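Please look through the sequence and the three-dimensional structure shown below before reading on. The report after it goes through a few features one at a time.

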Amino acid sequence: MSVCPPFAPFFGFAGVASAMIFSTVGAAFGTSKAGIGIAGTGTFKPELIMKSLIPVVMSGIIAVYGLVVSVLISGSLRAGNYSLFAGFIHLGAGLACGFTGLSAGYAIGFVGDSVSLCQL
């Protein structure tokens, strides 16, 4: 029986933080970039504003994914019985979710901005 190191939960909490932070930053970037496209579309063709809201909603869902993963990771954190292996697994899961949300928000933002300009 091995003793779990006291610093092991740090890596789990780092996974929770990275899932939340990176996916939220991606969602914020996607929302802002797509919002710029909505403003441009609304100037010339106001009837297309409702169609232009789809990328903004998709960007908001990315932040929800980060929240769900961080809640799942934090639910498995137990004081005193948390191995270093579990900490690294949770860190990897949080980084994977966070960076995926960051890149997806980036892509949704640019596509939402460029599609809005193509509709003109």
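What follows is a short report on helix packing, a salt bridge, a surface patch and some distances.

## About the model

This is a predicted model, in which local features need pLDDT of at least 70 and side-chain atom pairs count only at pLDDT 80 or more, whereas totals for chains, interfaces and linings use all residues. Residues are numbered from 1 along each chain as its sequence is written, and side-chain values use heavy atoms, with hydrogens and water left out.

## Two helices side by side

Helix 1 covers residues 8-44 and helix 3 covers residues 54-75; helices here are DSSP runs (H or I, at least four residues), numbered from the N terminus. The two pack at an angle of about 175°, and their axes are 8 Å apart, where axes are lines fitted to C-alpha atoms over the stretch in contact and angles run from 0 to 180 degrees between N-to-C directions. Because of this angle, helix 1 is roughly antiparallel to helix 3, a term used for angles over 145 degrees.

On the side of helix 1 they include Gly12, Gly15, Ala19, Gly30 and Ile38, while on the side of helix 3 they include Pro55, Ser59, Ala63, Gly66 and Ile73.

## The salt bridge

How many salt bridges does a search of the whole structure find? The search finds 1 salt bridge, the term meaning a side-chain nitrogen of Lys or Arg within 4 Å of a carboxyl oxygen of Asp or Glu. Lysine 33 forms a salt bridge with aspartate 113, and the closest N and O atoms are 3.6 Å apart. Since lysine 33 lies in helix 1 and aspartate 113 in helix 4 (residues 84-118), the pair ties together parts that are 80 residues apart in sequence.

Aspartate 113 counts as buried, at 12% relative accessibility, where buried means under 20% relative accessible area, exposed over 50%, and partly exposed in between (1.4 Å probe, protein chains only). Leaving aside residues up to four places away in sequence, aspartate 113 touches Lys33, Ala34, Ile36 and Gly37, and lysine 33 touches Gly109, Phe110 and Asp113.

## A nonpolar surface patch

Phe29, Tyr106 and Phe110 make a nonpolar surface patch of about 280 Å². Such a patch is made of residues with over 30% relative accessible area and no salt bridge, with nonpolar side chains (Val, Leu, Ile, Met, Phe, Trp, Tyr) joined within 5 Å, and accessible areas come from the Shrake-Rupley method with a 1.4 Å probe. Phenylalanine 29 has its place in helix 1.

## Distances in space

Isoleucine 89 lies in helix 4 and counts as partly exposed, at 44% relative accessibility. From C-alpha to C-alpha, isoleucine 89 and isoleucine 36 are 38 Å apart in space and 53 residues apart in sequence.

How values were computed: Patch = residues over 30% accessible without salt bridge, like charges linked within 9 Å, V, L, I, M, F, W, Y side chains within 5 Å. Parallel < 35°, antiparallel > 145°, perpendicular 65-115°, else oblique. Contact = heavy atoms within 4.5 Å.
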